[in-house]
Amino acid sequence: MAELMIEITQGADSAIPIAIVPFSNNSTKPIPEDIRKIIADDLQRSGEFEPLATNRMLSLPTSAKEVYYRDWRLLKQNYLLIGNIEYSDYTKAYKIQYQLFDVNQQKRIVGEVVSGGEKSLRDLAHHISDAIYEAVTGIRGAFSTRISYITHQIGANGKPEYRLQVADADGRRSFTLLKTSEPILSTAWSPDGKKLAYVSFESGRPAVYTHVIATGKRQKVAAYKGLNGAPAWSPDGKSLALTLSKDGNAEIYRLELASNKLTRYTRHYSIDTEASWSPDGQQIVFTSDRSGSPQVYRMNIYDQDPERLTFKGRYNARPRFSEDGKSIFYVHQSQGSFNIATLNLETGSELTLTDTSLDESPSLAPNDRMLIYSTQQGRKGVLAVVSVDGRSKYLLPAEFGDVREPAWSPFLK
């Protein structure tokens with residue numbers, strides 16, 4: 001019920017043509033996953049590739065000697081992927097061999113043999129997608145990463161039901177980390193991808209928890225008087241930036257997890273919240289209404305002298321640093337709509353990436369190429385993904401209930 005579906009709504013005109021031939025099965029055991037489709041879907045979702053339909057292919061090669069480059073040039077394909085799969089009754093594992101060819105240069109550019117059990121077939125397919133993406137673009141692929149999100153629906157007992165979900169980056173293989181009748185907010189991945197931090201109201205008031213994904217071990221790390229919210233992991237994974245109102249006003253603090261030591265970063269009578277760390281851990285960006293309306297500020301954590309970054313519009317909030325630290329992504333209000341925008345910190349140029357009416361909670365993929373956020377489809381909350389240039393988009397709605405508060409994991413080892 002919590003698994004997400006994919007609806008591609010907009011592709012880039014300059015997408016790279018690639019032919020992904022169905023992988024041949026060199027054993028008698030059926031292959032439970034369509035490896036070709038997983039790879040094609042991965043690459044198409046990125047907005048940077050346009051896979052060729054199988055029924056348009058002139059041949060279905062499975063080895064290098066069967067590749068005739070002329071056929072693929074006639075079909076105007078830049079790249080060709082072929083492969084085969086073999087199952088071993090002895091090891092109970094599948095072995096996948098793949099090769100990627102540059103059609104115009106008539107040469108193989110990447111290929112390898114990968115293997116794993118039945119449950120890891122999707123992992124192997126995402127690994128191949130990552131390898132292809134990097135070989136062609138020079139940028140690390142993020143198809144093997146995960147996303148987290150919150151679902152909300154009314155349960156069979158008539159009460160609200162909130163679930164903290166984790167899934168593959170394509171929305172598949174979702175599982176529930178936490179189920180509660182009270183709201184869950186502000187999920188954030190640890191830098192090693194092993195934990196989530198979030199806000200839960202299960203005790204009747206907001207508290208911040210950390211949650212080990214593999215074991216389910218939870219720890220309540222912040223339950224001070226008043227507000228406990230907006231956790232963000234430091235790049236070294238040793239601290240959380242939090243919004244606390246324990247001293248009477250919503251301010252940003254640093255909580256060192258090993259010692260529980262608190263360091264206060266902001267001091268202002270206005271509301272300061274939604275901090276995000278720079279990749280080097282030297283700065284934070286955050287939301288503050290100290291200028292009279294919510295705006296994005298940047299502050300060095302040592303001199304603690306905030307600098308306002310956004311000036312267009314009366315509402316700019318929920319900032320997030322890009323992985324290279326050169327840009328921020330945030331929620332921007334324009335003409336009554338809330339959209340996701342980006343600001344280049346070096347040039348000052350701004351770009352609005354989305355055009356629906358209620359877009360929020362942006363979270364960037366670890367390769368800085370795609371951004372996930374929550375939006376509305378009719379009366380339902382759904383997740384959406386947009387490329388950082390705004391040219392390609394797709395939706396990830398769930399079959400039941402609302403979906404909100406997405407967070408994209410770091411690269412997983």
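Which residues are linked with Lys246 in a network of salt bridges? I looked it up in what is a predicted model: the network links Lys246, Asp247, Glu251 and Arg264.

**Entry 1**

I ran the search over the whole structure and got 20 salt bridges. Opposite charges on side chains can pair when the charged atoms come close.

**Entry 1: Glu202 and Arg218**

The side chains of Glu202 and Arg218 meet in a salt bridge, 2.8 Å from N to O. I checked where the two sit: Glu202 is in the loop between β12 (195–200) and β13, while Arg218 is in strand β14, 16 residues apart.

β13 (residues 207–212) and β14 (residues 218–222) run antiparallel and share four bridges. Val208 is opposite Ala222 in β14. The two strands make a hairpin with five residues between them. In the turn I noted Gly216, with a positive phi of about 80°.

**Entry 2: a four-stranded sheet**

Next I traced an open sheet of four strands, ordered β23-β24-β25-β26, with antiparallel pairing. Which strands stand at the edges? They are β23 (316–321) and β26 (350–352); each has a single partner strand, so one side of each has no neighbour in the sheet. From one strand to the next, the twist averages 25°. I also looked at β23 with β24 (residues 327–334): they pair antiparallel over four bridges, and Phe321 stands opposite Ile328 in β24.

Lys312 pairs with Glu350, with the closest N and O atoms 3.7 Å apart. Lys312 is in the loop between β22 (307–308) and β23, and Glu350 is in strand β26, 38 residues apart. Lys312 is at 53% relative accessibility, so it counts as exposed, whereas Glu350, at 33%, is partly exposed.

Glu405 lies in strand β31 (residues 402–408) and Arg318 in β23, so the pair ties together parts 87 residues apart in sequence. I checked burial here too: Glu405 and Arg318 are both buried.

**Entry 3: helix α1**

How many of the 11 residues of α1 are buried? I get eight for this helix (residues 35–45), so it is largely enclosed by the rest of the structure. The buried set is Ile35, Arg36, Ile38, Ile39, Ala40, Asp42, Leu43 and Arg45. After α1 comes Gly47, with a positive phi near 80°.

**Entry 4: the space inside**

I searched for cavities and found one of 30 Å³ or more. The largest cavity holds about 150 Å³ of space. Its lining has 15 residues, and those closest to the centre are Ser46, Ala142, Phe143, Met370 and Trp408. Sorting the lining by type, I got eight nonpolar, three polar and four charged residues.

Methods
Residues are numbered from 1 along each chain as its sequence is written. This is a predicted model: local features need pLDDT of at least 70, side-chain atom pairs count only at pLDDT 80 or more; totals for chains, interfaces and linings use all residues. Side-chain values use heavy atoms; hydrogens and water are left out. On a 1 Å grid over the protein atoms alone, a cavity is a set of points where a 1.4 Å probe fits but cannot get out, and a pocket is an open set with protein on both sides within 12 Å along at least five of seven lines; lining residues have an atom within 4 Å of a point. Grid points are joined across faces, edges and corners, and a volume is the space filled by probe spheres set on the points. Ala, Val, Leu, Ile, Met, Phe, Trp, Tyr, Cys and Pro count as nonpolar, Asp, Glu, Lys and Arg as charged, and the others, Gly among them, as polar. Two strands pair if DSSP finds at least two bridges between them. Axes are lines fitted to C-alpha atoms, for helices over the stretch in contact, and angles run from 0 to 180 degrees between N-to-C directions. Buried means under 20% relative accessible area, exposed over 50%, partly exposed in between (1.4 Å probe, protein chains only). A salt bridge is a side-chain nitrogen of Lys or Arg within 4 Å of a carboxyl oxygen of Asp or Glu.
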